[in-house]
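User: I'd like to learn how to read a model like this one. Could you take me through it feature by feature?

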Amino acid sequence: MLAGFVCMGLSQSDSGAGVIVTGANQPKATLAPQRAIVEFTNFTVRTIGQEVILSEVVVEWTGAGGSISAIDEVLLIAKESLGVNYQDEDRVVATGVFDSSSGEVKLKNSPTDGGLSSFNKAAKFTVAAVMKGDLDFYAGQVIYLTVKKLKITDLNGKRLKVKGKLPFTGAGHTVNSSLEIGYVWVNNEDTLGSPSAKFNIITGWKEPVLLEK
């Protein structure tokens, strides 16, 4: 059944050569506190010299007793790797929210709209979640996020054949409502005609925070 799924989900085109997806080195299971960004699932896209674009990642909520209502938003993060430029490392390149009926979210990466550009070397990605601000109702539940399907295209938008045994399921994190963590708000200041961009970062009172990049 799984082999048939992979064929249907990933191999819509015979064009293109050498695109391989792997799901090694998953995060360790930990707590998922209120307002935290928690990394769930890692995967790597490897190409052999061909310029490709990761257009879409379909993520499914799985796990016994968990609820997608504990998650505010799902993030696709580009990680440090040969196919990711330095300025894109640890950057959110796509976001989405779960469809309550299907239990899935489609993370659409658009290079022309702030997403990750094309790459021709191994690129690593992480699927993470922004937890809701009030998790009292969900405390103790364990949540998994599974990378179910990928859409990878060439520069002309043609879907490429991909090798790899999906789905990939990462760590199961336990929802926690008692751990207090720091948080920030960011807002921009747009000035008409100004050549520069300004923004403000306001921190919460729970703990100090560090602006790393």
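**Reading the model**

Analyst: Strands here are DSSP runs of E with at least two residues, helices are runs of H or I with at least four residues, and both are numbered from the N terminus. Keep in mind that this is a predicted model, where local features need pLDDT of at least 70 and side-chain atom pairs count only at pLDDT 80 or more, while totals for chains, interfaces and linings use all residues. Residues are numbered from 1 along each chain as its sequence is written, and side-chain values use heavy atoms, with hydrogens and water left out.

User: Is Glu-60 buried or exposed, or partly exposed?

Analyst: Buried means under 20% relative accessible area, exposed means over 50%, and partly exposed is in between (1.4 Å probe, protein chains only). Glu-60 comes out at 22%, so it counts as partly exposed.

User: What is Glu-60 in contact with, leaving aside neighbours within four places in sequence?

Analyst: A contact is heavy atoms within 4.5 Å. For Glu-60 the list includes Phe-98, Gly-103, Glu-104 and Tyr-144. Tyr-144 is 84 residues away in sequence, yet the C-alpha atoms of the pair are 8.4 Å apart.

User: Where does Ala-70 lie?

Analyst: Ala-70 is in the loop between strand 4 (53-62) and strand 5 (71-79). Its relative accessible area is 0%, so Ala-70 is buried. Beyond residues up to four places away in sequence, Ala-70 touches Met-131, Lys-132, Leu-135, Tyr-138 and Ile-143. With Leu-135, 65 residues along the chain, the C-alpha separation is 6.4 Å.

User: What should I look for in the backbone?

Analyst: Most residues other than glycine have a negative phi, and most peptide bonds are trans. Arg-35, in the loop between strand 2 (31-32) and strand 3 (37-47), has a positive phi near 70°. Arg-35 counts as partly exposed because its relative accessibility is 31%. Asp-90 also has a positive phi, about 60°, and is found in the loop between strand 5 and strand 6 (91-96). With 51% relative accessibility, Asp-90 counts as exposed.

User: Which residues does a cis peptide bond join?

Analyst: Leu-166 and Pro-167, with omega about 5°. Pro-167 is in the loop between strand 9 (142-153) and strand 10 (168-169).

User: How do I step back to the whole fold?

Analyst: Count the elements, then ask how the chain packs. For 213 residues a compact globule would be near 17 Å, and the chain has 18 Å, which agrees. Buried residues make up 43% of the chain. Of the contacts with a separation of 6 or more, 75% are between residues 24 or more positions apart.

User: How do I read the confidence?

Analyst: pLDDT is the predictor's confidence in each residue, from 0 to 100. The chain averages 86, and 90% of the residues score at least 70. Over residues 1-16 the pLDDT is below 50, and this stretch has 32 contacts in the model beyond near neighbours in sequence.

How values were computed: The radius of gyration is taken over C-alpha atoms; the globule rule is 2.2 Å times the number of residues to the power 0.38.
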